[in-house]
Amino acid sequence: MKITKLETFRLQPRWLLLRVETDGGFVGWGEPVVEGRVAATQACVHELESYLIGQDPRRIEHIWQTLYRGGFYRGGPVLTSALSGIDQALWDIKGKALGVPVYDLLGGAVRDKMAVYSWIDSDTPEIAARSVKEKMAQGFTTVKMFGTCATGWIDDRKAINDLLERVQAVRDAAGPDVGIAIDFHGRAHHSMARTLLKELEPLKPLFVEEPVLVENLDAFADLHRRSNIPLATGERSFTRWGFKELLERGCADIIQPDLSHAGGISEVRRIAAMAETYDVALAPHCPLGPVALAACLQVDFASINACLQEQSIGMAYNKGQEIDSYLRDPAVFAYQNGYVPLLTSPGLGVDVDEEIVRRSQVPDLAWKNPVFHMEDGSVTEW
């Protein structure tokens with residue numbers, strides 16, 4: 001079998017799908033995208049095309065190593081995201097060719113279903129309370145909310161009180177048994193994060209995500225030593241080398257590699273195994289589309305330390321489109337009491353509706369994230 005063709009499709013709300021065709025009649029799908037940098041990632045995929053045409057798609061590891069090591073410059077969000085989507089598509093082809101789900105090729109399933117969580121709207125305490133009740137009615141037992149907005153370098157009592165009021169409203173509405181994860185999005189700086197974590201402890205969050213940016217490892221390690229709240233990070237880390245020091249220094253309790261950024265199925269399976277040796281849990285990052293989520297679940301089903309899976313249904317980004325919009329069988333992501341059952345179809349387990357994808361593509365789609373400014377006009381973290 002040989003790879004004969006690569007095609008990419010920009011899709012609402014901010015996704016890029018990759019279609020890899022073979023002369024054996026099998027087609028694989030991947031999701032190589034950097035949110036806000038779709039054109040750069042798309043160009044990188046096609047720049048790598050010459051390494052792929054004519055190759056046997058079943059030699060996944062050989063192709064992975066060629067794409068990663070074949071260029072003098074490696075790593076980073078664009079190169080590794082392009083590699084990630086290609087890797088997903090190759091696993092999809094191999095699973096389809098052999099007639100089995102990808103997790104069977106990774107050693108088989110270690111669980112029968114995977115816990116998923118949902119984002120809630122949390123602009124105000126009232127909105128947050130209403131949103132968590134809606135998600136509980138849908139069967140979710142874990143939710144995630146944003147912790148901070150634009151944040152300065154030193155403690156801001158108003159921002160602290162605002163966060164505490166919103167989390168308290170969620171806890172009051174949800175009760176003691178619902179898990180509440182809080183995403184700081186790397187917006188806080190060391191001193192602010194230290195204060196926020198201390199103040200949040202009585203509300204018993206499930207975990208706090210990116211209390212500071214992951215590149216500030218000294219600050220991360222200090223926060224981990226001081227706080228009783230589990231800390232999570234990893235969505236902006238790439239390959240096992242990006243996670244190596246994070247794990248060695250004991251900075252996090254939960255790692256969140258993104259299957260569309262960190263190196264695809266091949267690499268995140270290795271990252272998961274590496275994290276297991278440090279007794280660290282896996283909760284893949286996935287505010288993306290159906291192929292990325294399917295890839296995450298294939299790794300989750302085969303990884304004993306996978307604990308939670310992010311998914312984007314109902315997220316604010318997905319205006320007018322949801323992850324099942326481009327699938328022939330939307331029921332594959334029909335969650336039951338906060339879980340998604342095993343995906344049993346061959347390959348990634350989802351059937352992309354190629355006709356809808358072709359009809360829905362937006363060639364000039366260029367979603368950009370907001371840029372936050374402080375009151376004095378200075379740029380701060382989004």
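The structure holds one cavity of 30 Å³ or more. A cavity is a set of points on a 1 Å grid over the protein atoms alone where a 1.4 Å probe fits but cannot get out. The volume of the largest cavity is about 40 Å³, counted as the space filled by probe spheres set on the points, joined across faces, edges and corners. This is a predicted model: local features need pLDDT of at least 70, side-chain atom pairs count only at pLDDT 80 or more, and totals for chains, interfaces and linings use all residues. Residues are numbered from 1 along each chain, and side-chain values use heavy atoms, without hydrogens and water.

Lining residues have an atom within 4 Å of a point. Among them are Arg-14, Glu-35 and Trp-367. The lining divides by class as follows.

| Class | Lining residues of the largest cavity |
|---|---|
| Nonpolar | four |
| Polar (Gly among them) | one |
| Charged (Asp, Glu, Lys and Arg) | three |

Next comes helix H9, residues 239-248. Helices are DSSP runs (H or I) of at least four residues, and strands (E) of at least two, numbered from the N terminus. In H9, Thr-239, Arg-240, Phe-243, Leu-246 and Leu-247 are buried (under 20% relative accessible area, 1.4 Å probe, protein chains only). Seen down the axis, they fall within an arc of 120°, so they line one face of the helix. That arc is taken from the directions from the helix axis to the C-beta atoms. These residues pack against several elements, including helix H2 (60-69) and helix H10 (264-276). Just after H9, Gly-250 takes a positive phi of about 65°.

Gln-309 lies in strand S11. Gln-309 is buried, at 0% relative accessible area. Its contacts (heavy atoms within 4.5 Å), leaving aside neighbours within four places in sequence, include Met-114, Tyr-117 and Asp-300.

Key:
Buried < 20%, exposed > 50% of the residue type's maximum accessible area, 1.4 Å probe, protein only. 1 Å grid on protein atoms, 1.4 Å probe; cavity = no way out; pocket = protein on both sides within 12 Å on 5 of 7 lines; lining within 4 Å.
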